[in-house]
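Subject: Structure handover

Hello,

Here is the structure for you to look over. Please open it first, then read my notes below.

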Amino acid sequence: FLALHMKATVLTLGAFGMLAFNLNQPEPSWISFVVLVLLYLLEAATSSTRRYLSNTCAPSEVLALVEHLRAKPPVIEWKAECYHYEKDYGSFSDRRERDSHESTRTKVVTHVATESFPIMK
C-alpha cells in the first residue's frame, strides 16, 4: 500500500515538515511550502487512485448492464492447467573473474483445458 502512494506520502510529509519549520522561524519563507503543496496537488490530480475513482458511469448505464446480465443464462466455466517447474542451473563470471552459480525456476505448462457448463433453469 505504501509503495503505491509513495510520492503522495513523501510530498505530504515534506509539506508538513516545511510548515512546522516555517512556523518556528522569525521570518518564514513560504516559497518551499507553496511549491510542495503545488507538487502534492499535481500528484493528486494525476494519481492512479483518482483515475480509478473517477471511472464511473451514469445510473442508466448501470441499469442497462444489470438488465443485460440478468437476461443472459448463467454459465460455469472451468479451466484446468497442468504444469510443473523446471530448475535451470547456470554459471557465470563477474568482472573480477569470480565464478558464480545461480538457478532459476521456470513454470512449464504441459496442458490446458477449458469447459463451459450452462446452468439450466
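How many salt bridges does the structure hold? The structure holds 2. A salt bridge here is a side-chain nitrogen of Lys or Arg within 4 Å of a carboxyl oxygen of Asp or Glu.

Before the details, some ground rules. This is a predicted model, in which local features need pLDDT of at least 70, side-chain atom pairs count only at pLDDT 80 or more, and totals for chains, interfaces and linings use all residues. Residues are numbered from 1 along each chain as its sequence is written, and side-chain values use heavy atoms, with hydrogens and water left out.

**Salt bridges**

Side chains of opposite charge can pair when their charged atoms come close. E67 pairs with R70, and their closest N and O atoms are 3.4 Å apart. Both sit in helix α4 (residues 59-71), 3 residues apart, which means about one helical turn separates them. Helices (H or I, at least four residues) and strands (E, at least two) are DSSP runs, numbered from the N terminus. E67 is partly exposed, at 45% relative accessibility. R70 is exposed, with a relative accessible area of 60%. For these words, buried means under 20% relative accessible area, exposed over 50%, and partly exposed in between (1.4 Å probe, protein chains only).

K107 pairs with E81, with the closest N and O atoms 3.0 Å apart. This pair links distant parts of the chain: K107 lies in strand β2 (residues 99-118) and E81 in strand β1 (residues 75-93), 26 residues apart. K107 is partly exposed, at 40% relative accessible area. E81 is partly exposed too, at 34%.

**Helix α2**

Helix α2 covers residues 31-46, 16 residues in total. From first C-alpha to last, α2 reaches 23 Å, close to the 22 Å expected at 1.5 Å a residue. The expected span is 1.5 Å times one less than the number of residues.

Which residues of α2 are buried? They are F33, L36 and E43. These residues cover an arc of only 85° around the axis, so they lie on the same side of α2. That arc is taken from the directions from the helix axis to the C-beta atoms. What covers the buried residues of α2 includes α1 (6-23). The face turned away from the buried side carries the exposed residues I31, L38 and L42.

**Nonpolar surface patch**

L23, W30, V34, L38, Y40 and L41 form a nonpolar patch on the surface. Together they have about 590 Å² of accessible area, by the Shrake-Rupley method with a 1.4 Å probe, where only the protein chains shown count as cover for residues. Patches take residues with over 30% relative accessible area and no salt bridge; like charges are joined within 9 Å, nonpolar side chains (Val, Leu, Ile, Met, Phe, Trp, Tyr) within 5 Å. α2 gives the most to the nonpolar patch, with 4 residues. W30 is in the loop between α1 and α2. W30 is partly exposed, at 36% relative accessible area.

E77 is in strand β1 and is exposed, at 65% relative accessibility. E77 touches E115 and S116, leaving aside residues up to four places away in sequence; contact means heavy atoms within 4.5 Å. E77 and E102 are 25 residues apart along the chain, and their C-alpha atoms are separated by 40 Å.

R96 is in the loop between β1 and β2. R96 is exposed, with a relative accessible area of 65%. R96 and E77 are 19 residues apart in sequence and 55 Å apart in space, C-alpha to C-alpha.

Best wishes
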